Amino acid sequence: MARQRAYGIADRIGAASLNGVPTISRVNCESGVCEGGVPVIPAAFSYHRPKSVQEAVALLAELGENGRALAGGHSLIPMMKLRLASPGNLVDLAGIDELKGVRVDGNDIVIGAMTTQHELIVSNLLADKIPLIRETSLQIADPQVRYLGTVGGNVANGDPGNDMPAVMLCLGASYSVTGKSGERRIAAREFYQGAYLTALETGEVLTTVHIPAPAAGHGWAYEKLKRKVGDYATAAAAVMLTMKGGRVENCSIGLTNVADTPLWAQEAAKILTGSALDVVTIKKAVAAAEVITSPASDARGPAQYRTKMAGVMLARALEHAKSRTGG
Amino acid sequence: MARSQIELKVNGKSVEALVEPRTLLIHFLREQLNLTGPHIGCETSHCGACTVDLDGKSVKSCTIFAVQADGADIRTIEGIANADGTLHAIQEGFREMHGLQCGFCTPGMITRAYRLLQENKNPSEEEIRFGIAGNLCRCTGYQNIVKAIQFAAAKLNGVPFQEAAE
């Protein structure tokens, strides 16, 4: 239930930038929640900074619903400031070195959950192996947010507005999560269940993102329509593509912020496979992608418009990805 | 709620303090350290007026708790000027190019530009605009802010500043 409630919350935060709602946080400050002359906005909590995943997991198990893991904090802290989230304990994962960095493990690229968007952008390994990640990170929020915002937070939070989840569906990624009873691996395509509702259980920490290395010469694109810098997508599409003899050999498509969860547009990809990406086939695929969307009507536009924009983003992403194949 | 002991470096000086975990870094800087250069604009992670440099990153100090900055090395606008008290090239740029009107966003703009120029010594206009996208100027004085940063880049690189034709 708490998670369901959180959805409305995020919407209000999103609306804040448009409607000038930030007065909400001022009300809290004026309501006298001040101590020692220092204004404080979030509700009081205890702060923990474990040094290892094991320690973090033990803490979270002990705290149960009263504990929240803190990654970059750029979703959670704004919610806490608005008193829309008030965990009694924050377990900061920033002190855990094993959660940082990008490495190769066999056929997988493995990204630590606490790797920041900025670190993804400057990673030569990712730029070389999975340029789709860099292209996406560059379109998330703004520089200051990217210095702190993490890939783990982005994929684990379950916010349908986040960009990385659809990209992970597109890439066929999986997540390693660790809980009190040990470690398990969850496919990104099975992770998202609803807005802020994921396969992550209370007390579990998402530790690493595993991405099968894409084929050499693949094409990629993340096309995102947003009203302004820092905004969530009105609609966005991620495409990975390989071509052989002028025809699509493999294709995978992810869609952002046009449903309660990120979407993996399987049917659209199936339609495109084997085609030469001609106009007629692209139209068919776009229609198949639009049909699975169910966006909300909100400040970013009416639902119908956002569905159409998902189609437009997909068509652009296909064209862009195609132009990058074979390199 | 128990207070936490934090130790950090602010503008080159070591600081030890007791903070409530819920104290945001911006409030700690302004209210406990009396560093009122970083401004509180929107309080919602949008405007960038509260930007400070933390361990080589530009961060919005309204969206991080002081306790998270334990052990960090922070630079605020108060620590940007040269050691001899003369203006930093970026500050000089803002003065020379009229990079401020009301001045409210200026501390955040300058601290952000400081990190941007550390990472990219000779940014194009497009790179500057992309790099300061997390800082809002409600006077909409972006044109001259961009020029101010170009001026600073030129000065730091020891080359004459040439204003682009409009």
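How many residues does the contact take from chain A, and how many from chain B? In this predicted model, 31 residues come from chain A and 28 residues from chain B.

**The side of chain A that touches chain B**

- Elements of chain A that each supply at least two residues to this side are α1 (2-19), β2 (38-39), β3 (46-48), α4 (76-81) and α8 (143-148).
- The element that gives the most is α8(A), with 5 residues.
- By class, this side of chain A has 19 nonpolar, 8 polar and 4 charged residues.

**Chain A overall**

- Chain A contains 13 helices and 16 strands.
- Of the 327 residues in chain A, 51% are buried.
- Taking the contacts in chain A between residues at least 6 apart in sequence, 64% join residues at least 24 apart.

**Domains of chain A**

- The domain assignment divides chain A into domain 1 (2-91), domain 2 (99-212) and domain 3 (219-323).
- The C-alpha centres of domain 2 and domain 3 of chain A are 20 Å apart.
- Contact between these two domains involves 22 residues of domain 2 of chain A and 24 residues of domain 3 of chain A.
- On the domain 2 side of that contact, α7 (131-137), α10 (164-171) and β10 (192-194) of chain A give two or more residues each.
- The largest share of the domain 2 side, 6 residues, is from α10(A).
- The domain 2 side divides into 12 nonpolar, 6 polar and 4 charged residues.

**Domains of chain B**

- Chain B is assigned domain 1 (4-79) and domain 2 (89-157).
- Between the C-alpha centres of domain 1 and domain 2 of chain B the distance is 21 Å.
- Domain 1 of chain B puts 15 residues into the contact, and domain 2 of chain B puts in 12 residues.
- On the domain 1 side, strand β3 (residues 51-54) of chain B provides the largest share, 3 residues.
- That side of domain 1 of chain B consists of 6 nonpolar, 8 polar and 1 charged residues.

**Packing of α2 and α3 in chain B**

- Two packed helices are described by the angle between their axes and the distance between the axes.
- For helix α2 (residues 89-96) and helix α3 (residues 106-119) of chain B, the axes come within 10 Å and cross at roughly 130°.
- The angle lies between the range for roughly perpendicular, 65 to 115, and that for roughly antiparallel, over 145, so α2(B) and α3(B) are oblique to each other.
- The crossing of α2(B) past α3(B) is right-handed.
- B:Ile90, B:Gln91 and B:Phe94 make the contact from α2(B), and B:Thr106, B:Ile110, B:Ala113 and B:Tyr114 make it from α3(B).
- The residues of this contact comprise 5 nonpolar, 2 polar and no charged.
- Buried residues of α2(B) are B:Ala89, B:Ile90, B:Gln91, B:Gly93 and B:Phe94.
- These buried residues pack against α3 and α5 of chain B.

**B:His98, after α2(B)**

- B:His98 follows α2(B) and lies in the loop between α2 and α3 of chain B.
- The phi of B:His98 is positive, near 55°, in a residue other than glycine.
- B:His98 counts as partly exposed because it has 13 C-beta neighbours inside 10 Å.

**B:Glu43**

- B:Glu43 is not a glycine, yet has a positive phi of about 60°.
- B:Glu43 is placed in the loop between α1 (25-32) and β3 of chain B.
- Is B:Glu43 buried or exposed? B:Glu43 counts as buried, because 25 C-beta neighbours lie inside 10 Å.

**B:Lys147**

- B:Lys147 belongs to helix α5 (residues 142-157) of chain B.
- There are 21 C-beta neighbours inside 10 Å of B:Lys147, so this lysine counts as buried.
- Apart from neighbours within four places in sequence, B:Lys147 is in contact with B:Met97, B:Gly99 and B:Glu163.
- B:Lys147 and B:Glu125 are 22 residues apart in sequence, with 8.5 Å between their C-alpha atoms.

Methods: Residues numbered from 1 in each chain as written. Chains lettered and ligands numbered in written order. Predicted model: local features only at pLDDT ≥ 70, side-chain atom pairs only at ≥ 80, totals over all residues. Contact = placed C-beta atoms within 7 Å. Helix = DSSP H or I, 4+ residues; strand = E, 2+ residues; numbered from the N terminus. Nonpolar A, V, L, I, M, F, W, Y, C, P; charged D, E, K, R; others polar. Domains from an automatic or database assignment. Axes fitted to C-alpha atoms, helices over the stretch in contact; angles between N-to-C directions. Parallel < 35°, antiparallel > 145°, perpendicular 65-115°, else oblique. Left-handed = near helix turned anticlockwise from the far one by under 90°. Buried ≥ 20, exposed ≤ 12 C-beta atoms within 10 Å, placed from the backbone.
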